[in-house]
Amino acid sequence: MKDKKPRFETEVIHFGYHAENHQGSLVPPLYQTSTFTFESAEQGERRFAGKEEGYIYSRLGNPTVKILEDRMAALEKGEAALAFSSGMAAVSAVLIALTKSGDHILCSQGVYGCTFGLLELLQEKYHIEHDFSLMDTRETLENQIKPNTACIYIETPINPTMKLVDLQMVADVAKEKGIPVIVDNTFCSPYLQNPITNGCDIVIHSATKYICGHGDVIAGIVVGGRETINQISRTTQKDIGGIISPFDAWLLLRGLKSLPVRMDRHCENTTFLFDFLKQHPKVEAIYYPGDSEHPDYAIMKKQMKKPGGLISFSIKGTKETAQRFMNQLNLIKIAVSLGDAETLIQHPATMTHAVVPDEERLKMGINQTLLRLSVGLEAWEDIKEDLEQAFDKI
Ligand code: LCS
């Protein structure tokens, strides 16, 4: 029994924390400190030289943050992890660590708006170019990989179009060419999908979302092999400095404990709302990986435990119809972000993906009538009734 590995639902609560090392405190203590005192000048010298283990300064490491990082590494089946002050701090630390001027990044056909903005910035200022790829077949991928492709960057499900990428297929092609694959796993959380088990190399989370689960923290996580994580830690994390605060790490440890329970409820609520929206006469199209008619349904079955807690749908009419619909909602809040207890709705074309130029946005599949619903933990009947009354008024 002792050497049997506990299950995911147990690891989210216990992994990497030993109360006996912390005065028996049931909950991991919050080390709310910027720095750590040395017993002597010589000890300080040894710590800076890496000749003695121990904390130095919270930008370089903090015990509360370390518990979170170890736990996230275990949940994502990676060797090590790093926590950041936002999802974007995590995305930028990884991309800057893995590329140099003259390199190329191959990216899924659709990413979060600010990731798109970062790719543009890297191209304009540092000559790191990028292309978007459907990544639907081996051939598409092989044709778009260039001699200078330094990494492949994937969101799956893609925000907000809910298209999927076959992680195993991409990892197989990338491995043959020695190119690392980075996956933004924000929409799934480690409960629904573990890209490292599909052969991918680095996993990123906007921990602001399901990892936190309570809408009160902005944070990011990177999980990967020990060598890569050490490299990011010593370079873009230490010197650019987008580290998480100990209190936010503490809140994430608290939120994580209920991740599987919350995700089950998010997913269940979403299946009921999908059935309602799918047959609604005012819905033009619906995008949900749990839809058996979704073009990537087979990929969902292969790599995701459940289809997740997000649905995108377009409304018949115009941008103004979509906005009028949003304005009629009462329980459902108009807000960006996702993965919270509260059900949230947003209009990607004018909100999360407003920075993407019109033409590029349409190529990603985002039109003016598309809405993204992040299904919360409320009674699904109440969410449905709110949607129903808003549809009745447009
Ligand atoms: N990756 C994905 C897939 C995201 O959806 C977001 C934020 C980020 C990275 C960045 O994370 P942050 O820095 O905000 O922690 N997505 C948002 C969204 O869809 N609505 O508001 C923020």
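Start at the ligand and select Asp184: an N or O atom in its side chain lies 2.5 Å from a nitrogen atom of the ligand. This is a predicted model, in which local features need pLDDT of at least 70 and side-chain atom pairs count only at pLDDT 80 or more, while totals for chains, interfaces and linings use all residues. Residues are numbered from 1 along each chain as its sequence is written, and side-chain values use heavy atoms, with hydrogens and water left out.

Which residues come nearest to the ligand? Of the 17 residues around the ligand, they are Asp184, Ser206, Thr208, Lys209 and Arg372; a residue counts as near if one of its heavy atoms lies within 4 Å of the molecule.

**The two domains**

Next, colour residues 8-256 as domain 1 and residues 259-392 as domain 2; these bounds come from an automatic or database domain assignment. The centres of the two domains, taken over C-alpha atoms, are 26 Å apart. Select the residues that touch across the boundary: 40 residues of domain 1 are in contact with 41 residues of domain 2, where contact means heavy atoms within 4.5 Å.

The size of an interface is often given as the accessible area lost when the parts come together. Here domain 1 and domain 2 bury about 3400 Å² between them, 62% of it on carbon and sulfur atoms. Buried area is found with a 1.4 Å probe and summed over both parts. Select Tyr191, Leu192 and Tyr210 now: they supply 23% of the area that domain 1 buries against domain 2, more than any other three residues.

**Across the boundary**

How many salt bridges are counted between domain 1 and domain 2? The count is 1, a salt bridge being a side-chain nitrogen of Lys or Arg within 4 Å of a carboxyl oxygen of Asp or Glu. Show Lys302 and Asp166, which form a salt bridge with their closest N and O atoms 2.7 Å apart.

Most residues other than glycine have a negative phi, and most peptide bonds are trans. Select Thr156 and Pro157, which are joined by a cis peptide bond with omega about -5°. Pro157 sits in the loop between strand S4 (149-155) and H7; helices (H or I, at least four residues) and strands (E, at least two) are DSSP runs, numbered from the N terminus. Move on to Asn159 and Pro160, where the peptide bond is also cis, with omega near 0°. Pro160 is in the loop between S4 and H7.

Finish at Lys77, in the loop between helix H3 (63-75) and strand S1 (80-84). Its phi is near 60°, a positive value in a residue other than glycine.

Methods: Buried area = accessible area lost by both parts, 1.4 Å probe. Polar contact = N/O pair within 3.5 Å; in protein donor to acceptor, adjacent residues only side chain to side chain.
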